[in-house]
Amino acid sequence: MASYEPKNILITGAAGFIASHVANRLIRNYPEYKIVVLDKLDYCSNLKNLNPSRSSPNFKFVKGDIGSVDLVNYLLITESIDTIMHFAAQTHVDNSFGNSFEFTKNNIYGTHVLLEACKVTGQIRRFIHVSTDEVYGETDEDAVVGNHEASQLLPTNPYSATKAGAEMLVMAYGRSYGLPVITTRGNNVYGPNQFPEKLIPKFILLAMRGLPLPIHGDGSNVRSYLYCEDVAEAFEVILHKGEVGHVYNIGTKKERRVIDVAMDVCKLCSLDPDTVIKFVENRPFNDQRYFLDDQKLKNLGWSERTPWEEGLKKTMEWYTSNPGWWGDVSGALVPHPRMLMMPGIERYIDGSEEVKGMVSQFTNNQSRMVVPVSKGISGSPRKHSLKFLIYGRTGWIGGLLGKICEKQGIPFEYGRGRLEERSQLILDIQNVKPTHVFNAAGVTGRPNVDWCESHKTETIRTNVVGTLTLADVCREHGLLLMNYATGCIFEYDAGHPQGSGIGFKEEDKPNFTGSFYSKTKAMVEELLKEYENVCTLRVRMPISSDLSNPRNFITKITRYSKVVNIPNSMTILDELLPISVEMAKRNCRGIWNFTNPGAVSHNEILEMYKKYMDPSFAWVNFTLEEQAKVIVAPRSNNEMDASKLKSEFPELLSIKESLIKYVFEPNRKVLAD
């Protein structure tokens, strides 16, 4: 059989235990292969596991999640991947009893994303799927022949069930779409770099600290253990000699009871097993034995090289020399560590700046949700430093946000990607590495919203598709999105009559559909309710102290030949934009009426303008009916209830007080009496 020669290999989960040994081996032995490693740096991954490869020209690290369709497709295409070795998975059985949904998401959905990307791109020549011996279920205690590759799959815990499910997908894609798939099922692996939730490193670290060694049940459960370098060699053989469509067991005939492993660790550490070993409550179901028939792999030329005693000694020496490799692992050393893998627990890069520089931050972990869980309330400020990514650089609000950041000393960058282009947004986040994202981009029309009536597809593309895409990308990256929306989705009605002081609240359903602009804004706001990482700020008729800006409501009405006279809620940007920055710091979410309390009419504003700016200023009113003859789309008029915002920020001024303090007093041209 001809040996397979890959060119560009993607290894998933390569900062984890087994995959890092495989990656380092291939990079070392085959400099002509380009190795791209993808890992989201979950709790059991560590970039330092890849230290031997970091200076190699044929090595590239990408931080990202296999569950991201866009990222996976992007990598396959841009890196010309022809081979995938899929190790990424949640693997600890104890965790699967406490948080089984995460196993389904990572092990089944993640595998499905990879397979679909392979089908779509049509360029993969080998897909090696890494499974586990646990999919076979429990082996009879008196069995003398191990499970062979055609044995029935009978998983007994949530972890092995998800691995079996992933295998079914792999097999289906191989048969239905002709994908060149190979599956491996391996015994337990041990050695340097393993996260200490697993039995052997846990026993070693506990023994090093003089702590009891917890054994589930009576310790009679039997397992087979392979040293990590032997397993890495097995994958090297399967990569080059494995046959498409086949399954290969990676195993050993040498079995050990859990109690025997504990005894051997005690012996190496010169500890008394009678005083150190502690029996604890068993797992909900703890398979008694896993036993494999590994002859098929041996026929390819592989065999186990490292004796148990030698491998255990090497492992002990490594942990003794690297006690701080994993940082604080106290949570992993408890008898039943079920909470380490909860969504949001991610291993942050530690070590030297040199190591940190290895990372190409395709940060796309939908599980890394750092904003609070509850909706519409504020949480505690983030403890780490801030950095904002702002969309809408050329817009009015976006420009003002940049100035506020400069004034407050908050690092920020403007986004370069178009909102509707998902891949561009991902690259922005990769490059900027923000803690928060602000969306001040959108189509309002030039010179006004009438433009949207004749440019509907452009309006939809930005206001709906673009905003939703940004929200979704931010959610996948665990980022809070501060989205500047509009309050021009309401109009006075019987329940909220003009002049009554009864304003529309955050939970009220939009009732104004007079303009296409407002329709798109109401539509996207309703959809954004499904995104718990979004803070929607309803801005209305924005006003700032810059009376030369043509977007300023005051500037507009002072230049009109005629104006209507209707009270409305409005937003004084000089006061409220800094509040939006504070809301980001507090991780506020949900919908907020982002206006100053109360309402003010056109005439009241123009009276202030006359008083503070130009005593000779005069204007002419006309009715809504007359206005309708000179505009294309009707305009929204309403009062909004700002009590929610006022409750969060008691210092917030009423609209008339804010107009005087932030707009007219600073611009006063008429001397006070």
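Begin by selecting Arg422 and Asp70, whose side chains meet in a salt bridge at 2.2 Å, N to O; a salt bridge here is a side-chain nitrogen of Lys or Arg within 4 Å of a carboxyl oxygen of Asp or Glu. Arg422 lies in helix α14 (residues 422-432) and Asp70 in helix α2 (residues 69-78), so the pair ties together parts that are 352 residues apart in sequence. Helices (H or I, at least four residues) and strands (E, at least two) are DSSP runs, numbered from the N terminus. Coloured by accessibility, the two partners fall into separate classes: Arg422 is buried, with a relative accessible area of 19%, whereas Asp70, at 33%, is partly exposed. Buried means under 20% relative accessible area, exposed over 50% and partly exposed in between, with a 1.4 Å probe and protein chains only.

This is a predicted model, in which local features need pLDDT of at least 70 and side-chain atom pairs count only at pLDDT 80 or more, while totals for chains, interfaces and linings use all residues. Residues are numbered from 1 along each chain as its sequence is written, and side-chain values use heavy atoms, with hydrogens and water left out.

Then select Glu648 and Arg586, a salt bridge at 3.0 Å, N to O. Glu648 sits in helix α22 (residues 643-648) and Arg586 in the loop between α19 (573-585) and β18 (590-593), so parts that are 62 residues apart in sequence are tied together by the pair. Arg586 counts as partly exposed, at 22% relative accessibility.

The secondary structure of the protein chain comes to 23 helices and 18 strands, and buried residues make up 57% of its 673 residues. Of the contacts (heavy atoms within 4.5 Å) between residues at least 6 apart in sequence, 83% join residues at least 24 apart. With a surface displayed, the protein chain exposes about 27700 Å², of which carbon and sulfur atoms supply 52%; accessible areas come from the Shrake-Rupley method with a 1.4 Å probe, and for residues only the protein chains shown count as cover.
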